[in-house]
Amino acid sequence: MSVTLLIEQLLNGVQLGTMLFLMASGLTLVFGVMGLINLAHGSFYMVGAYATAAVTASTGSFLIGLGAGMAAAAMVGALVELLVIRRLYHRPHLDQVLATFALILIFSEGTRWIFGSSPMRLSPPSWLTGFVTLPGDTRYPIYRLMLIGVGIVISIALYFLISKTRLGMRIRAGESDREMIGALGVNISKLYTVVFALGAGLAGLAGALVGALQSVQVGMGEPVLILAFVVIVIGGIGSIKGALLGALLVGVVDTLGRVYLPIFFRAFMPPSEATGVGAALAAMLIYILMAVILAFKPKGLFSAHD
Amino acid sequence: MKMISRFGLGLLLSSSLVTAHADDVKIGMITTLSGGGSHLGVDVRDGFMLALEQSGRDDVEVLIQDDANRPDLARSLANEFMQRDEVDILTGIIWSNLAMAVVPTVTRQGTFYLSPNAGPSDLAGRMCHENYFNVAYQNDNLHGAMGAYMREEGYERPIIMAPNYPAGTDALAGFKHLYEGEVVGELYTQMGQTDYAAEIAQIRDSDADSLFFFLPGGMGISFMKQWESSGVDMPIFGAAFSFDEILIKAVGSAAIGARNTSLWAYDLENEANDRFVEGFQAAYDRMPTLYAAQGYDTANLILSALETAHPDDKDAFREALRAADFDSVRGEFRFGPNQHPIQDIYVREVVEGDDGEPTNRLIGVAIEDIQDVYYEQCQM
């Protein structure tokens with residue numbers, strides 16, 4: 001219950017939030033611009049992690065692996081858009097959910113077929129292992145600090161991409177009126193492929209970065225996908241700003257809830273029960289947060305379609 | 001027309017004559033071969049098939065199906081095996097929740113079930129059955145043995161951690177039962193959790209002198225990698241489920257130094273084990289895990305019982321299984337009154353192997369002749 005513990009947990013929350021943002025930004029762009037619910041977004045996360053693990057193992061360089069993982073996820077994303085997703089834009093959401101769920105199964109079993117069922121090895125490079133001592137004697141892993149840094153850089157880059165470039169202008173236009181930008185002569189199908197590949201690439205980057213910290217295995221994307229959906233619903237579907245705020249909110253609330261709820265219940269309950277109740281409530285906390293936010297703002301914090 | 005029907009009848013008769021070997025034995029195996037954690041099922045299957053191959057018997061037929069870690073699917077596969085294929089013996093289930101969905105119906109209908117992995121407490125206690133044999137362990141065994149070992153080694157302030165689901169709470173209860181002392185803290189994580197930063201910070205913040213955890217599969221990989229870079233300096237202990245040969249290779253150097261309890265080790269010295277480890281490496285070109293050893297023992301137990309009786313003679317076959325007259329790869333092996341093993345539990349340490357990859361090395365015995373605590377509730 002010390003201040004250092006609180007600082008460390010806040011950092012952990014922000015770190016989780018930045019990684020969720022990488023996932024959620026792609027998901028929310030795809031929904032905002034194309035109106036598509038993509039359950040297979042977690043598969044790009046997995047593809048990024050596997051490609052990074054494979055390339056890192058063969059080249060010995062984590063950075064090359066990271067680039068390859070992001071590129072592989074973006075390429076697979078573009079391919080999936082051209083072959084499958086393209087046929088789904090005019091279908092109802094239920095068809096989209098069914099088709100992208102099928103993609104999850106195909107990707108999972110395909111990955112198992114190629115790489116085997118045992119988890120792959122991917123570790124951070126030696127120059128990113130270890131920890132730094134922050135003011136107040138808080139020890140924090142360098143790798144996690146780096147993740148926060150990457151998250152900030154990507155957020156700024158996305159901000160510039162969307163608000164300052166021609167591509168960003170088209171994306172914003174696509175969010176507000178899909179038919180109109182097609183009528184104005186923008187090559188809409190190319191725009192869709194680019195946006196989809198961008199989202200997949202970001203998911204792949206998140207998978208690769210987190211995979212080095214966790215485990216690279218089949219089905220690793222699905223738990224993150226659920227959190228990413230919570231993030232975009234809280235933030236307002238289609239809004240990048242909302243995704244950033246929602247991701248940080250979910251990251252911090254989830255982390256602090258897991259630590260402080262059991263401690264809170266221990267104040268007036270026997271320890272083993274308090275741990276059980278606290279842990280159970282902590283697991284629900286972000287969904288409670290989502291329900292409360294939706295009760296006051298049914299379209300999320302920043303809705304792209306008002 | 002008459003000709004044809006007579007001809008048809010003749011075919012039918014002759015085909016039934018060809019296939020009906022009255023003394024052939026059919027074994028149905030339901031195990032997890034796809035999805036996350038499927039390396040457990042793959043190893044149980046490979047160990048089992050290796051034992052059959054080494055025996056050279058051709059009158060035993062094994063039908064294998066993948067349950068994809070889904071209780072409903074496992075249940076319908078079991079019904080299919082019993083009704084359509086009329087198998088004599090069922091085996092193979094990895095996960096306790098699947099075992100609970102399948103085993104009671106199977107044994108009630110008079111089919112034998114031999115568990116090569118899952119050992120939920122209910123099946124050892126109040127729901128035990130004369131047709132149910134566990135050839136692996138009761139779920140508490142390895143955790144309890146680690147509790148006894150840590151007490152023996154003089155660790156006084158352990159902090160303990162497990163996911164918040166039945167096998168997780170059972171694991172911590174089993175540990176505390178044989179540790180017989182106060183623990184400084186209990187942490188419950190979420191099932192399938194991948195980020196342990198919050199827990200690691202709490203462990204650092206506590207004044208514990210050691211950490212015991214039960215995080216099977218991918219959860220353990222994630223935890224250990226994050227533990228290594230956290231800078232916390234504390235010895236770690238666990239059950240073999242987080243330290244099988246496949247998992248520690250995925251974890252890498254972070255696993256080095258961890259001690260874990262197991263009912264088997266590949267460097268355990270006995271004749272049966274030499275034959276098993278050499279045979280397994282030759283056949284599959286990889287190191288066996290404890291799951292493979294359990295599959296191998298399960299098959300050898302069945303084969304030993306088949307020497308004296310056919311499963312059609314249920315009472316005689318059951319007696320033959322109870323005798324457990326086979327050479328187990330884990331040394332001594334016998335059944336308690338609830339048909340669960342009474343066995344030694346070993347301690348292994350993860351070290352750097354000759355090839356630079358982490359591997360387990362046997363360092364001693366955690367507890368001898370451990371028996372589960374549920375046998376008294378078993379009315380057979």
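**Chain A and its partner**

Mentor: Among contacts in chain A between residues at least 6 apart in sequence, 75% join residues at least 24 apart. Two residues are in contact if their C-beta atoms, placed from the backbone, lie within 7 Å. This is a predicted model, in which local features need pLDDT of at least 70 and side-chain atom pairs count only at pLDDT 80 or more, while totals for chains, interfaces and linings use all residues. Residues are numbered from 1 along each chain as its sequence is written, and chains are lettered from A and ligands numbered from 1 in the order in which they are written.

Trainee: How many helices and strands are there in chain A?
Mentor: Chain A has 11 helices and two strands. Helices (H or I, at least four residues) and strands (E, at least two) are DSSP runs, numbered from the N terminus. Their order from the N terminus is α-α-α-α-β-β-α-α-α-α-α-α-α.

Trainee: What percentage of chain A counts as buried?
Mentor: Of its 306 residues, 49% are buried. A residue is buried if 20 or more other C-beta atoms lie within 10 Å of its own, exposed if 12 or fewer, and partly exposed in between, with C-beta atoms placed from the backbone.

Trainee: And what about helix H8 of chain A?
Mentor: 18 of the 24 residues of H8(A) are buried, so this helix is largely enclosed by the rest of the structure. At 1.5 Å a residue, H8(A), residues 188-211, should span 34 Å, and its end C-alpha atoms are 34 Å apart, which agrees. The expected span is 1.5 Å times one less than the number of residues.

Trainee: Which residues of H9(A) are buried?
Mentor: Among them are Val224(A), Leu225(A), Ala228(A) and Phe229(A). After H9(A) comes Gly236(A), with a positive phi near 100°.

Trainee: Changing topic, how many residues of chain A are in contact with chain B?
Mentor: 37 residues of chain A are in contact with 30 residues of chain B. H11(A) gives the most to the side of chain A that touches chain B, with six residues. That side divides into 14 nonpolar, 16 polar and seven charged residues. Ala, Val, Leu, Ile, Met, Phe, Trp, Tyr, Cys and Pro count as nonpolar, Asp, Glu, Lys and Arg as charged, and the others, Gly among them, as polar.

Trainee: Lastly, how is chain B divided?
Mentor: Chain B comprises domain 1 (24-138 + 268-343) and domain 2 (141-265 + 345-370), with bounds from an automatic or database domain assignment. Their centres, taken over C-alpha atoms, are separated by 27 Å.
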